[in-house]
Amino acid sequence: MLFKQQAWLRQKLLVLGSLAVGSLLYLVARVGSLDRLQPICPIEGRFGARGQAEFPLRALQFKRGLLHEFRKGNSSKEQVRLHDLVQQLPKAIIIGVRKGGTRALLEMLNLHPAVVKASQEIHFFDNDENYAKGIEWYRKKMPFSYPQQITIEKSPAYFITEEVPERIYKMNSSIKLLIIVREPTTRAISDYTQVLEGKERKNKTYYKFEKLAIDPNTCEVNTKYKAVRTSVYTKHLERWLKYFPIEQFHIVDGDRLITEPLPELQLVEKFLNLPPRISQYNLYFNATRGFYCLRFNIIFNKCLAGSKGRIHPEVDPSVITKLRKFFHPFNQKFYQITGRTLNWP
């Protein structure tokens with residue numbers, strides 16, 4: 001009997017020892033991978049509080065884990081205070097454009113440990129009812145963050161709404177503004193596709209794209225169609241330039257963000273004065289979905305919602321040609337103003 005108990009005890013100790021060694025090896029590998037993937041790199045005080053000390057990115061990555069716990073709603077005001085959490089007004093806003101890739105851009109920038117995103121579109125500056133609630137209401141819609149981090153929100157309707165530039169200017173005249181654009185005709189069709197899907201979900205009929213984009217009376221491009229108007233980027237940008245210098249804007253190539261996201265994200269990091277942190281490790285192509293997904297660490301991955309990357313309906317080639325011819329002079333002016341030439345037909 002004693003022999004059996006001793007044998008059982010030895011077997012138990014062997015199992016526990018194996019688990020302990022396995023856990024130790026995992027932690028060593030984990031720390032090693034974090035050291036490789038999250039190098040300690042100072043965040044310059046250009047985007048933080050005045051006179052703040054340098055803050056290691058790895059520390060911010062650790063704090064992001066704490067932020068995730070606070071977002072679950074289990075934290076008290078005292079816990080928030082003890083962890084120096086604040087709700088900051090955004091230092092950068094993705095102002096548009098609709099169906100240009102605003103959600104993808106926001107989620108990809110959130111890979112950076114110094115960036116904290118507002119999960120929902122706030123629609124503060126383009127909605128009169130929300131705007132009337134005041135700037136404190138807007139600030140309280142922002143996520144909790146640490147003072148060294150940048151809060152970013154995105155509301156694509158900002159770009160085309162007339163009142164928005166002045167309203168944002170009154171909040172912060174030095175704010176950084178991100179505009180993500182796609183080839184104008186492709187963007188217009190994508191815009192139509194989203195609306196079409198909503199109509200079909202409600203069992204409602206909807207006109208074909210060709211009938212909306214082309215005026216049946218003149219056979220010319222229908223400039224009253226919202227999807228067409230939104231794609232005339234230069235017209236909207238000119239309104240913004242009455243309040244902000246072009247240096248406060250950064251143009252993101254939404255088509256390239258789909259096929260080759262890292263170079264576009266690195267340009268945004270530079271524009272926001274962020275130390276380079278997003279790497280190829282953080283982005284992996286999902287063949288099933290047909291676009292890139294996000295890798296935050298060796299455990300947590302994320303793909304965009306299934307509603308992204310909708311299949312566009314077939315459109316009459318002659319209509320596509322007509323639209324591209326219509327957009328061409330506006331595109332040339334957009335290149336000239338922004339200093340960025342995009343490979344649009």
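A residue counts as buried when its relative accessible area is under 20%. By that cut-off, six of the eight residues of helix H11 are buried, so this helix is largely enclosed by the rest of the structure. The model is predicted. The protein has 14 helices and 10 strands. Of its 345 residues, 44% are buried. Among contacts with a separation of 6 or more, 71% link residues 24 or more positions apart.

**The five-stranded sheet**

- Five strands form an open sheet in the order E3-E5-E2-E6-E7, and the pairing is parallel.
- Strands E3 and E7 (249–253) are the edge strands, and each pairs on one side only.
- Neighbouring strands in this sheet are turned by 25° against each other on average, with direction ignored.
- Strand E2 covers residues 92–96, and five of its five residues are buried.
- E2 runs parallel to strand E5 (residues 150–154), and three bridges join the two.
- On the E6 side, Ile93 has Leu177 as its bridge partner.
- In a regular strand, side chains alternate between the two faces of the sheet.

**The three-stranded sheet**

- A sheet of three strands is also open, with the order E8-E9-E10 and antiparallel pairing.
- Strands E8 (283–286) and E10 (301–302) stand at its edges with a single partner strand each, so one side of each has no neighbour in the sheet.
- Four bridges hold the antiparallel pairing of E8 and E9.
- Tyr284 stands opposite Cys293, which lies in E9.

- UniProt, in an unreviewed entry, places the feature "active site" at Lys99.
- Lys99 sits in the loop between E2 and H4.
- Its relative accessible area is 16%, so Lys99 counts as buried, because the cut-off is under 20%.
- Leaving out residues up to four places away in sequence, Lys99 touches Arg182, Arg187, Ser190, Asp191, Gln194 and Arg310.

**Leu111**

- Leu111 belongs to the loop between helix H4 (102–109) and strand E3 (115–117).
- Leu111 has a relative accessible area of 3%, so it is buried.
- Leu111 and Arg277 are 166 residues apart along the chain, yet their C-alpha atoms are separated by 8.3 Å.

**Nonpolar cores**

- In soluble globular proteins, nonpolar side chains tend to be buried together.
- The largest nonpolar core here has 29 residues.
- Leu105, Leu109, Ile152, Leu265 and Leu283 have the most contacts inside this core.
- The elements giving two or more residues to this core are E2, H4, E5, E6, helix H13 (261–271) and strand E9 (291–295).
- H4 gives the most to this core, with five residues.
- Beyond its neighbours within four places in sequence, Leu109 is in contact with Val115, Ile152, Leu178, Leu265, Val268 and Ile278.
- A second core is separate and has 28 residues, including Ile179, Leu237, Trp240 and Phe249.

**Helix H11 and its partner H14**

- The buried residues of H11 are Tyr233, Thr234, His236, Leu237, Arg239 and Trp240.
- H11 (residues 233–240) packs against helix H14 (residues 317–338) at an angle of about 35°, and their axes are 8 Å apart.
- H11 makes the contact through Tyr233, Thr234, Lys235, Leu237 and Glu238.
- H14 makes the contact through Phe330, Lys333, Phe334, Ile337 and Thr338.
- By class, the contact has five nonpolar, two polar and three charged residues.
- An α-helix has 3.6 residues a turn, so residues three or four places apart point the same way.

Definitions and conventions:
Residues are numbered from 1 along each chain as its sequence is written. This is a predicted model: local features need pLDDT of at least 70, side-chain atom pairs count only at pLDDT 80 or more; totals for chains, interfaces and linings use all residues. Side-chain values use heavy atoms; hydrogens and water are left out. Buried means under 20% relative accessible area, exposed over 50%, partly exposed in between (1.4 Å probe, protein chains only). Two strands pair if DSSP finds at least two bridges between them. UniProt positions are given in the numbering used here, feature names are shortened, and annotations may be inferred rather than shown by experiment. Contact means heavy atoms within 4.5 Å. Axes are lines fitted to C-alpha atoms, for helices over the stretch in contact, and angles run from 0 to 180 degrees between N-to-C directions. Ala, Val, Leu, Ile, Met, Phe, Trp, Tyr, Cys and Pro count as nonpolar, Asp, Glu, Lys and Arg as charged, and the others, Gly among them, as polar. A nonpolar core is a set of buried Ala, Val, Leu, Ile, Met, Phe, Trp, Tyr and Cys residues joined through side-chain atoms within 4.5 Å.
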